[in-house]
Amino acid sequence: MTSVGWVVIPSVFTTYLFFFGLGWLIFTTNSLPKLTRYSISQLVAATLLFLAQGIIQWPLTDDTLTLKIALSALYTPLFVFGLLALFLTYFNRYSPRLSYLMDASYWVYIIHLPLIYLIVGLLFDYPISAFLKFAITFSATSILCLVSYYYLIRGTFIGLFLNGKVHKNKAINPEKAVA
């Protein structure tokens, strides 16, 4: 869990330090291309470890807690690097749609949480299923984030600040948008 105060929680700090160090190691050794060889194997192993941790009824002892922590320490990087390798292997080409989403991602990251709180608060008293509330919240948040990025951020100084470049908003050609 991420700390919400100024006090550093050692386990959280260690977790973030581990991923930072792993990313730094991969970057400095230029070993990212080597990860693409085993994307499916990494994802299968991560899934099996995740299921083993979640499905097996573990007795509540210090040893089993340590084992569960070790399993999560194994499957988390396997998921991260397996998905990274999968995308580097099968989706490593330019796509205008994905490029747009990458440009919008920082704005979406910044603005999504207040929108989620607002929408969840508005839906709180409605007697509909949690799945429908989730679908409405997810869809509305996604649409509001991307529309606000296009009209309020993309071609402005804020877009320059967030992305390092300013894009001109072009009219969408319906024939190309369908493809």
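Is tyrosine 109 buried or exposed? Tyrosine 109 is exposed, its relative accessible area being 57%. The notes below concern a predicted model.

1. Overall make-up. The chain contains eight helices and zero strands, and reading along the sequence gives the pattern α-α-α-α-α-α-α-α. Of its 179 residues, 20% are buried. The accessible surface is about 14,000 Å², and carbon and sulfur atoms account for 74% of that area. When contacts between residues at least 6 apart in sequence are considered, 62% of them join residues at least 24 apart.

2. Nonpolar core. Five residues make up the largest nonpolar core: Ala104, Trp107, Tyr149, Ile153 and Leu162. Helix H5 (96-123) and helix H6 (130-153) are the elements that give two or more residues to this core. Leaving aside residues up to four places away in sequence, tryptophan 107 touches Cys145, Ser148, Tyr149, Ile153 and Leu162. As background, nonpolar side chains in soluble globular proteins tend to be buried together.

3. Salt bridge. The count of salt bridges is one. It joins the side chains of arginine 154 and aspartate 103, with an N to O distance of 3.8 Å. Arginine 154 sits in the loop between H6 and helix H7 (157-163), whereas aspartate 103 belongs to helix H5, so the bridge ties together parts that are 51 residues apart in sequence. Both partners fall under the 20% cut-off for burial: arginine 154 has a relative accessible area of 12% and is buried, and aspartate 103, at 9%, is buried too.

4. Aromatic pair in H4. There are seven aromatic pairs in the structure. One of them is formed by tyrosine 75 and phenylalanine 79: the ring centres lie 6.1 Å apart and the planes make an angle of 75 degrees, so the pair is edge-to-face. These two residues are four apart in helix H4 (residues 62-90), and about one helical turn separates them. Tyrosine 75 is buried at 11% relative accessibility, while phenylalanine 79 is partly exposed at 26%.

5. Aromatic pair in H5. Tyrosine 106 and tyrosine 109 form a stacked pair, with 6.3 Å from centre to centre and 15 degrees between the planes. Both residues lie in helix H5, three residues apart, or about one turn of the helix. Tyrosine 106 is partly exposed, with 42% relative accessibility. The value of 57% for tyrosine 109 is over the 50% cut-off, so this residue counts as exposed.

6. Ring cluster. Phe50, Tyr75 and Phe79 are linked into a cluster by ring pairs. The edge-to-face pair of tyrosine 75 and phenylalanine 79 has been described above.

7. Nonpolar surface patch. Ile40, Val44, Leu48, Leu83, Phe87, Tyr90 and Phe91 form a nonpolar patch on the surface, and their accessible area together is about 700 Å². Helix H3 (39-55) and H4 are the elements that give two or more residues to the patch. Valine 44, one of the patch residues, is found in helix H3. At 45% relative accessibility, valine 44 lies between the 20% and 50% cut-offs and therefore counts as partly exposed.

How values were computed:
Residues numbered from 1 in each chain as written. Predicted model: local features only at pLDDT ≥ 70, side-chain atom pairs only at ≥ 80, totals over all residues. Heavy atoms only, no water. Core = buried A, V, L, I, M, F, W, Y, C linked by side-chain atoms within 4.5 Å. Buried < 20%, exposed > 50% of the residue type's maximum accessible area, 1.4 Å probe, protein only. Contact = heavy atoms within 4.5 Å. Phe/Tyr/Trp six-rings, centres within 6.5 Å; stacked < 30°, edge-to-face > 60°. Patch = residues over 30% accessible without salt bridge, like charges linked within 9 Å, V, L, I, M, F, W, Y side chains within 5 Å. Areas by Shrake-Rupley, 256 points an atom, 1.4 Å probe, with all protein chains shown as cover. Salt bridge = Lys/Arg side-chain N within 4 Å of Asp/Glu carboxyl O.
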